[in-house]
Amino acid sequence: MALSRGLRCCQRIFSWIPVIIITMVMLWSYYAYVFELCLFPVLFTVAYLAVFHVCFVMFAWTYWKTIFTPPSQPSKQFHMSYSDKERYENEERSEVQKQILLDIAKRLPVYTRAASGAVRFCDRCQVIKPDRCHHCSLCEMCVLKMDHHCPWVNNCIGFSNYKFFLLFLTYAMVYCVFIASTVLQYFIKFWAGELPNGHAKFHILFLLFVALMFFVSLMFLFGYHCWLVAKNRSTLEAFQYPTFHNGPDKNGFNLGFSKNLQQVFGEDRKYWFIPTFTSLGDGHFFPMRFLSESRNPLLASEEQCEDGGSDEENYILRRGDPSVTIELDT
């Protein structure tokens with residue numbers, strides 16, 4: 001027991017190493033650009049520094065939000081009650097256990113299933129998994145709309161911080177492009193002997209190299225996630241399509257390009273590029289393209305979803321509309 005705790009402690013410590021590396025590169029790039037290159041007042045104008053600081057602040061802000069926004073977990077509504085848990089654990093027959101989960105799921109707005117067709121249940125967290133929810137073995141929790149676990153932010157990317165992650169990629173690319181474009185001309189002048197040698201020469205060389213290297217790697221990752229947002233898929237769903245009652249459907253949550261963007265960034269466009277949470281919904285259920293086709297047989301057409309004693313919510317299911325949504329009627 002003590003050994004496993006020690007290993008987990010070491011794992012948590014080492015998991016911060018990629019974050020420390022990125023943070024040190026950010027701080028060094030700030031020092032090199034502002035304090036070293038600005039020793040040559042002829043080179044850099046006030047406008048350059050103003051734009052640089054805007055890019056740096058947005059880059060650092062979105063990175064911070066991605067790292068320190070905790071992943072959203074399923075609410076108590078999806079946890080097994082004490083009596084259900086006791087009944088499930090005392091039952092040895094797998095078929096009866098599946099039936100117990102079916103009975104519990106009838107009270108929940110779940111539409112996706114496991115590949116076997118069974119209710120998606122997490123043995124570790126003892127929860128019925130909401131749609132698009134997955135268990136992260138590194139975070140040791142179930143994460144709503146989990147996309148992936150990113151070692152560079154030491155956090156799970158999911159419903160609560162996916163927008164911040166996309167903005168982080170965006171502003172990181174802008175930051176790299178700005179540095180590379182403004183440093184390139186002076187890199188050429190230094191190596192042509194038109195400017196004096198000094199510490200700035202070293203920093204210009206590595207600023208340009210690091211900026212281009214990070215830009216190329218970020219460009220592919222950013223392009224991939226733009227495609228995922230356009231299709232309203234997560235990274236996990238791109239590799240394994242969500243399974244509904246009628247089978248796997250890669251476009252089960254695809255509402256069209258415009259509405260897919262709104263699912264992540266919200267309906268008010270003026271907040272799209274600001275790292276504040278504006279994603280639609282609460283992460284427990286999501287609009288589906290064809291609810292009539294992917295409708296969960298566990299839910300009767302007139303059933304209401306009730307929270308086991310806290311707030312009562314009625315889920316109205318609209319059918320027939322290609323952009324069908326699930327609305328709350330409180």
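**Helix packing and salt bridges in a predicted model**

Good morning. I begin just after helix H9, where Gly266 takes a positive phi of about 95°. Helices, here and throughout, are DSSP runs of H or I with at least four residues, strands are runs of E with at least two, and both are numbered from the N terminus.

A word on the basis of this talk. This is a predicted model, in which local features need pLDDT of at least 70, side-chain atom pairs count only at pLDDT 80 or more, and totals for chains, interfaces and linings use all residues. Residues are numbered from 1 along each chain as its sequence is written, and side-chain values use heavy atoms, with hydrogens and water left out.

Let me stay with H9, which spans residues 257-265. Its buried residues are Asn260, Leu261, Gln263, Val264 and Phe265. By buried I mean under 20% relative accessible area; exposed is over 50%, and partly exposed lies in between, with a 1.4 Å probe and protein chains only. The cover over the buried residues of H9 includes helix H6 (162-191) and helix H7 (199-231).

That leads to the record. UniProt, in an unreviewed entry, places the feature "transmembrane region" at residues 12-33, 39-64, 164-188 and 200-224. Its positions are given in the numbering used here, feature names are shortened, and annotations may be inferred rather than shown by experiment. In the model, residues 164-188 are 100% helix and 0% strand, with the end C-alpha atoms 36 Å apart. For residues 200-224 the span is likewise 100% helix and 0% strand, and the end C-alpha atoms lie 36 Å apart.

I turn now to helix H2 (residues 17-36) and helix H3 (residues 46-68), whose axes come within 11 Å and cross at roughly 170°. Axes are lines fitted to C-alpha atoms, for helices over the stretch in contact, and angles run from 0 to 180 degrees between N-to-C directions. H2 and H3 are therefore roughly antiparallel to each other, a label for angles over 145 degrees. In their contact (heavy atoms within 4.5 Å), H2 contributes residues including Ile22, Met26 and Tyr30, and H3 residues including Phe52, Phe56 and Tyr63. The residues of this contact divide into 15 nonpolar, 3 polar and no charged. Here Ala, Val, Leu, Ile, Met, Phe, Trp, Tyr, Cys and Pro count as nonpolar, Asp, Glu, Lys and Arg as charged, and the others, Gly among them, as polar.

Next, the salt bridges. With a side-chain nitrogen of Lys or Arg required within 4 Å of a carboxyl oxygen of Asp or Glu, the count comes to 6. What links Asp84, Arg87 and Arg107? They are joined in a network of salt bridges. Arg87 meets Asp84 at 3.3 Å, N to O, and both lie in helix H4 (residues 82-90), 3 residues apart, about one turn of the helix. Arg107 also bridges to Asp84, with the closest N and O atoms 3.4 Å apart. Arg107 lies in the loop between helix H5 (94-105) and strand S1 (121-122), and Asp84 in helix H4, so this pair ties together parts that are 23 residues apart in sequence. Asp84 is buried at 11% relative accessible area, whereas Arg87 is partly exposed at 41% and Arg107 partly exposed at 44%.

Another salt bridge joins Asp268 and Lys270 at 2.6 Å, N to O. Asp268 is partly exposed at 33% relative accessibility, and Lys270 is exposed at 55%.

Is Glu237 buried or exposed? Glu237 is buried, with a relative accessible area of 5%. Leaving aside residues up to four places away in sequence, Glu237 touches Arg132, Asn232, Pro242 and Phe253.

Definitions and conventions: Parallel < 35°, antiparallel > 145°, perpendicular 65-115°, else oblique.
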